[in-house]
Amino acid sequence: MWTSWWFWPLVAVCTADQFRDTAAYTQEPHVNQPCSWRLFQLQAPPTSTILKPSRHLPSLSPSERLQEGRPVHLGLSSVTWPGGAARHNDLPWQLLKLFNNQLQDPRANLTSLAHTHTNIPKLKAGFVGAQFWSAYTPCDTQNKDAVKRTLEQIDVIHRMCQLYPETFLCVTDSTGIRQAFREGKVASLVGVEGGHSIDSSLGVLRALYHLGMRYLTLTHSCNTPWADNWLVDTGEDKARSQGLSLFGQSVVKEMNRLGVIIDLAHTSTATMKAVLQLSKAPVVFSHSSAYSVCQHRRNVPDDVLQLVKRTGSLVMVNFYNDYVSCRAEANLSQVADHLDHIKKVAGAGAVGLGGDYDGVSRLPSGLKDVSKYPDLAAELLRRQWTEAEVKGALANNLLRVFEAVEQASSHTQPPGEEPIPLDQLEASCRTSYGYSGAPSLHLQPGALLASLALLVLCLCPL
């Protein structure tokens, strides 16, 4: 079992000089490098030798202990925190692409799954305690089968929990995350990536909530009829809602009422600002980095980071090379630079880890898969982050936001019912039931003309 020692990678980590050299200059950090935490196996060690600092060692700060190559103890209580909580992970998308979501295909076995950033052994090696599994469907499903595809992706997440109950525990609230930590399982939550998945319907939004969705990314890399995406800021797409339409405001308010975390990754700057000013609860950027460090429009600019600070929101850093270094190559140290910058501008409470594993094609050296999270935590300690700040980035900051969203929810309030105007929807693949109380308006043109002719005849004098 792996329940009470999630922080082993932080209990005994690599020496700082060795780590920095490999993080900055090699493609595979720590390959053939001595690293003390890798000596531990997945059996609980004697508490006296691992989980408690030695009384014979001098009193040193975590960073000093790292530089001395000595164990680092994070002072965990009886309810220990994992190597990280509720990051954005696209494994369900890989399961669709590779196996059409057929989890009983022998090749889809998550204990031996190859050629992905995520499998069960890698999650255990990375001491991952929780994941927001992404129920993602591409933009080309918008106005077509987006809702169906989203339901199928939520279904595969639930089936992961059913097929591997010893590893995954599907949960829907912050209390459930803590329960999974205590049981030594990966708390598994549903995040829906892309507002097109609700097909501009508050009813669909509520239905997805009842199926377990606990965050919704308002856009992917395409506008919805009610919110603008990041490509607007590059000029590759045209603003449709000038950030957020009136219906978009209704979506935000309904998410607040339900207790669904609002995710602003992929949105335009105008959408970011509109939502941060409107939402009654903190929001997250589930997989975005700092624009000042890498000037890519998928990243968060400093004026938005100030709003993040003011609202108690959270930026969970993306590991995709293009968003980390603005080049095809990147390294772990550059990811830490983003974390440092967000901490500097928005505060330590605004920092999280997004990852985006299995959703991107290029990852930094030193962070090739989910097993590498402990190396990033070690780098933060080496950079003089306090124990509390590291635990915040790994888990506590996201839990704080989740709890605030839960507290702001109000299921006793009546749900939003005003539909989006019909003229704001593409009509090629949809009906218009409910948009008029006059059934005759839905007749085919020929039938409508015949009805009008009959009415004229009836009104004419004999």
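**Buried residues and positive phi angles**

At a relative accessibility of 5%, Asp-356 counts as buried, a term that stands for under 20% relative accessible area, with exposed meaning over 50% and partly exposed in between (1.4 Å probe, protein chains only). The structure is a predicted model, in which local features need pLDDT of at least 70 and side-chain atom pairs count only at pLDDT 80 or more, while totals for chains, interfaces and linings use all residues. Residues are numbered from 1 along each chain as its sequence is written, and side-chain values use heavy atoms, with hydrogens and water left out.

Asp-356 lies in strand S9 (residues 351-357), where helices (H or I, at least four residues) and strands (E, at least two) are DSSP runs numbered from the N terminus. Most residues other than glycine have a negative phi. Asp-356, although not a glycine, has a positive phi of about 75°. His-266 is likewise not a glycine and has a positive phi of about 80°; His-266 is found in the loop between strand S6 (261-263) and helix H12 (269-278), and is buried at a relative accessible area of 7%.

Helix H16 (residues 373-382) is largely enclosed by the rest of the structure, because 10 of its 10 residues are buried; among them are Tyr-373, Asp-375, Glu-379 and Arg-382. After H16 comes Gln-384, with a positive phi near 75°.

In helix H5 (residues 91-99), Pro-92 is buried, with a relative accessible area of 0%. Contact being defined as heavy atoms within 4.5 Å, Pro-92 touches Asn-101, Trp-133, Ser-134, Gln-153, Val-156 and Ile-157, when residues up to four places away in sequence are not counted. The C-alpha atoms of Pro-92 and Trp-133 are separated by 6.9 Å, although these residues are 41 residues apart along the chain.
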